[in-house]
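This report covers a protein model and its ligand. Please read it alongside the sequence and the coordinates.

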Amino acid sequence: MPLAHFDGALAVVTGAGSGIGRATAVALAGHGASVIAADIDLPSAEETVAVAKTVGAGGTAYQVDVSDAEAMGTFAAEVKEAHRVPDIVVNNAGIAVAGPFLDTGLDDWDRILGVNLWGVVHGSRLFGKQMRDRVHALPNKPDKPNFGGHIVNVASAAAFAPWRVMPAYCTTKSAVLMLSECLRAELAGSRIGVTAVCPGFVSTDIVEHGTYVEDDASARDRLRRRGQKAISLRNYPPEKVAERIVHAIIKNKAVVPVNFEGHLLHTLSRVSPATVRLLARIPAPRG
Ligand SMILES: NC(=O)c1ccc[n+]([C@@H]2O[C@H](COP(=O)([O-])OP(=O)(O)OC[C@H]3O[C@@H](n4cnc5c(N)ncnc54)[C@H](O)[C@@H]3O)[C@@H](O)[C@H]2O)c1
């Protein structure tokens with residue numbers, strides 16, 4: 001699909017109010033797409049639309065909690081009604097929960113599974129069905145097949161490798177990777193591409209927004225500060241992830257590791273699982 005294809009395309013991005021979601025919404029707008037910027041925090045999504053307007057077609061902001069099945073159903077129906085079936089859907093909204101498995105409570109599990117996994121299930125199911133129904137309703141042109149659409153699920157390098165510091169996060173992200181692979185196989189016949197994007201550390205507010213499950217407050221603060229320091233030292237901007245997402249849609253890539261640690265963990269997980277298991281024992285960075 002040439003870049004020009006984004007002209008006039010409709011793109012839905014969840015978690016579009018910050019970080020990778022905002023950068024992706026702006027990048028897609030810059031490539032000609034009209035953007036539906038969805039976030040649980042409406043003012044932040046509205047700011048994204050304002051930025052998107054400065055580079056391209058702009059779009060519309062929506063407030064939605066991706067973990068809420070009913071709200072997502074209403075959102076998908078509203079998008080179709082008020083706009084049309086989207087051509088691109090980026091299931092990006094996500095949160096971090098860090099700390100030992102044995103200290104991670106059921107509420108923490110519910111929250112992270114709700115946003116990181118159910119959010120991707122809802123977005124992929126609802127918009128995937130819309131895309132499939134649309135492409136099957138169009139007349140078949142064997143010489144010039146219809147473009148069915150593209151779904152991007154933002155997983156993480158944590159999908160490739162276990163880490164004792166983030167058991168719940170790693171679990172959700174490896175589930176998103178597998179979901180994306182299965183869905184890609186299912187939707188290939190409908191000419192709908194599916195990509196799992198797997199970045200290493202990226203400089204966003206994810207650590208700030210995250211939950212830390214250590215026993216006492218000072219240990220939780222320490223973990224948060226260390227995470228913030230690690231992410232700011234890493235200094236990898238979300239705009240670079242957005243570029244990779246745009247490229248993945250154009251090239252219909254299946255799995256896209258992003259940045260050094262993304263590629264390293266992807267390769268190690270295949271060539272040396274024993275090394276990955278040793279790395280999993282490394283504790284949180286000292287700060
Ligand atoms: N930052 C990193 O190092 C990194 C690395 C790999 C993958 N990721 C993934 O990238 C995605 C985006 O994260 P980010 O780093 O940009 O974080 P971020 O905290 O900057 O942005 C996340 C956005 O999602 C929104 N959000 C949270 N819960 C929501 C919900 N229930 N419904 C709708 N929106 C919700 C937030 O309001 C926020 O705007 C996540 O899936 C994350 O797991 C991040």
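## Backbone, buried polar residues, cores and ligand

Asn235 sits in the loop that connects α7 (217–234) and α8 (238–251). The model is a predicted one. Asn235 is not a glycine, yet its phi is positive, near 55 degrees. With a relative accessible area of 58%, Asn235 is exposed, because the cut-off for that class is over 50%.

Asn259 also has a positive phi without being a glycine, here about 70 degrees. Asn259 belongs to helix α9, which covers residues 259–271. Is Asn259 buried or exposed? Its relative accessibility is 6%, so Asn259 counts as buried, the limit being under 20%.

**Buried polar side chains**

Thr195 is part of strand β7 (residues 192–199). This residue is buried, and its relative accessible area is 0%. A polar atom of the Thr195 side chain lies 2.6 Å from the backbone oxygen of Lys253. Apart from residues up to four places away in sequence, Thr195 touches His150, Ile151, Val152, Asn153, Ser180, Ala248, Lys253, Ala254 and Val256.

Ser124, in helix α4, is buried as well, with a relative accessible area of 5%. When neighbours within four places in sequence are left aside, the contacts of Ser124 are Asn91, Lys129, Ile151, Asn153, Leu179 and Leu183.

**Nonpolar cores**

The largest nonpolar core has 40 residues, and the members that touch the most others are Val12, Ile36, Phe75, Val79, Phe127, Ile151 and Met166. Two or more residues of this core come from each of β1 (10–14), β2 (34–39), α3 (69–82), β5 (97–98), α4 (106–137), α5, β7 and α7.

Met166 touches Ala96, Val97 and Ala98, not counting residues up to four places away in sequence. There is also a second, separate core of 33 residues; among them are Ala29, Val49, Ala242 and Val246.

**The ligand and its surroundings**

Which residues come nearest to the ligand? They are Ser18, Asp39, Tyr169, Thr204 and His209, out of 29 residues around it. By class, this shell consists of 15 nonpolar, 10 polar and four charged residues.

| Residue | Protein atom | Ligand atom | Distance |
|---|---|---|---|
| Ile20 | backbone N or O | oxygen | 2.8 Å |
| Asp65 | polar side-chain atom | nitrogen | 2.8 Å |
| Asn92 | polar backbone atom | oxygen | 2.7 Å |

On its own the ligand has 830 Å² of accessible area, and the protein covers 95% of this. The elements that contribute two or more residues to the shell are α1 (19–30), α5 (167–187) and α6 (206–209).

Definitions and conventions: Residues are numbered from 1 along each chain as its sequence is written. This is a predicted model: local features need pLDDT of at least 70, side-chain atom pairs count only at pLDDT 80 or more; totals for chains, interfaces and linings use all residues. Side-chain values use heavy atoms; hydrogens and water are left out. A residue is near a molecule or strand if one of its heavy atoms lies within 4 Å of it. A polar contact is a pair of N or O atoms within 3.5 Å; within protein, one must be able to donate a hydrogen and the other to accept it, and residues adjacent in sequence count only if both atoms are side-chain atoms. Accessible areas come from the Shrake-Rupley method with a 1.4 Å probe; for residues, only the protein chains shown count as cover. Helices (H or I, at least four residues) and strands (E, at least two) are DSSP runs, numbered from the N terminus. Ala, Val, Leu, Ile, Met, Phe, Trp, Tyr, Cys and Pro count as nonpolar, Asp, Glu, Lys and Arg as charged, and the others, Gly among them, as polar. Buried means under 20% relative accessible area, exposed over 50%, partly exposed in between (1.4 Å probe, protein chains only). Contact means heavy atoms within 4.5 Å. A nonpolar core is a set of buried Ala, Val, Leu, Ile, Met, Phe, Trp, Tyr and Cys residues joined through side-chain atoms within 4.5 Å.
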